[in-house]
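Please find below a colleague's note on the structure under review. It is set out as numbered points, so that each may be checked against the model in turn.

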Amino acid sequence: MAESGIGDMDRALIRRVLSSDDRRAFDQLVRRHQGMVRAQLRRLTHGDDATADDLAQEAFLQAWKKLDQFRGDALFSTWLYRIAYSCFLQARRRTSWSDVRSDDEATASLSAPPQPLDLLLDLSRAMQRLSDGEQAVLLHCFQLDLSHEETAYVLGMPLGTVKSHALRGKQKLKQWLTPWQDTDHHGDTA
């Protein structure tokens, strides 16, 4: 996994934090990555913005404490995703927030291009029918655009398991959303 200029910037900031306890450099890392971490956590918490923000704050606090453990085996952003996912799993074990959300929350949390409301609702409901593993893999691979290898790292799953969850999850969604394949985006049948 080769890092581009963005990776170089992160590495330089990390060096500044580790060599001189530079809090401004860490603030820059947070600003660079907080949007994607918050988006990941909003999706994992099914649109619960307050919980997602709390978990993001916890994830960055852990990243600050453990920055000396970052080995550079993965992109810094992938490492942060893993920390954020661990925070999510810990919170899910501690609490029992509802996995059920209103239709308004379901559509608000999707970042897909404008499509009919019915399709968004059906997709949201179909995603919730998937196993936890399938949901997590599809979120990271397709909504967050991570590779299978990066997703395996973030979720702490074997690569083969990630690929299986991705394949099965896509097959289930395709089957459950088959009626949408026979309509155009205006609700008229093709």
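1. Overall make-up. The model is a predicted one. Its protein chain contains ten helices and zero strands. The chain has 190 residues, and 42% of them count as buried. When contacts between residues at least 6 apart in sequence are considered, 59% join residues at least 24 apart.

2. The nonpolar core. How many residues does the largest nonpolar core have? The number is 42, and the residues with the most contacts inside this core are Val 37, Leu 41, Leu 67, Phe 76, Trp 79, Leu 80 and Tyr 85. Two or more residues of the core come from each of these elements: helix H1 (5-20), H2, helix H3 (49-66), helix H4 (76-94), H7, helix H8 (148-155) and helix H9 (159-176). Which element gives the most to this core? That element is H4, with eleven residues.

3. The pair H2 and H7. Two packed helices are described by the angle between their axes and the distance between the axes. For helix H2 (residues 23-44) and helix H7 (residues 132-143), the angle is about 145° and the axes are 11 Å apart. The crossing of these helices is right-handed. On the H2 side, the residues that meet H7 are Gln 40, Arg 43 and Leu 44; on the H7 side, they are Leu 139, His 140 and Gln 143. By type, the residues of this contact comprise two nonpolar, three polar and one charged.

4. Gln 40. This residue belongs to helix H2 and takes part in the contact with H7 described above. Is Gln 40 buried or exposed? Its relative accessible area is 0%, so Gln 40 is buried. Apart from neighbours within four places in sequence, Gln 40 is in contact with Tyr 81, Ala 84, Tyr 85, Leu 139, His 140, Leu 144 and Val 154. Among these partners, Tyr 85 is also one of the core residues with the most contacts.

5. Leu 155. The position of Leu 155 is in helix H8. Leu 155 counts as buried because its relative accessibility is 10%, and the cut-off for buried is under 20%. Once neighbours within four places in sequence are set aside, its contacts are Tyr 85, Ala 136, Val 137 and His 140. Tyr 85 and His 140 are also listed among the contacts of Gln 40.

6. Two residues with positive phi. Most residues other than glycine have a negative phi, and most peptide bonds are trans. Asp 21, although not a glycine, has a positive phi of about 50°. Asp 21 is placed in the loop between H1 and H2 and is partly exposed, with a relative accessible area of 45%. His 46 is likewise not a glycine and has a positive phi of about 55°. The loop between H2 and H3 holds His 46, which is buried at a relative accessible area of 12%.

7. Gln 128 and His 46. Gln 128 is situated in helix H6 (residues 117-129). Its relative accessibility is 31%, so Gln 128 counts as partly exposed. How far apart are the C-alpha atoms of Gln 128 and His 46? They are separated by 9.4 Å, although the two residues lie 82 residues apart along the chain.

8. Cysteines. How many disulfides does the structure hold? The number is zero. Cys 87 has a relative accessibility of 2% and therefore counts as buried. Cys 141, with a relative accessibility of 7%, counts as buried too.

Conventions:
Residues are numbered from 1 along each chain as its sequence is written. This is a predicted model: local features need pLDDT of at least 70, side-chain atom pairs count only at pLDDT 80 or more; totals for chains, interfaces and linings use all residues. Side-chain values use heavy atoms; hydrogens and water are left out. Axes are lines fitted to C-alpha atoms, for helices over the stretch in contact, and angles run from 0 to 180 degrees between N-to-C directions. Helices (H or I, at least four residues) and strands (E, at least two) are DSSP runs, numbered from the N terminus. A crossing is left-handed if the near helix is turned anticlockwise from the far one by less than a right angle, and right-handed if clockwise. Contact means heavy atoms within 4.5 Å. Ala, Val, Leu, Ile, Met, Phe, Trp, Tyr, Cys and Pro count as nonpolar, Asp, Glu, Lys and Arg as charged, and the others, Gly among them, as polar. A disulfide is a pair of cysteine sulfur atoms within 2.5 Å. Buried means under 20% relative accessible area, exposed over 50%, partly exposed in between (1.4 Å probe, protein chains only). A nonpolar core is a set of buried Ala, Val, Leu, Ile, Met, Phe, Trp, Tyr and Cys residues joined through side-chain atoms within 4.5 Å.
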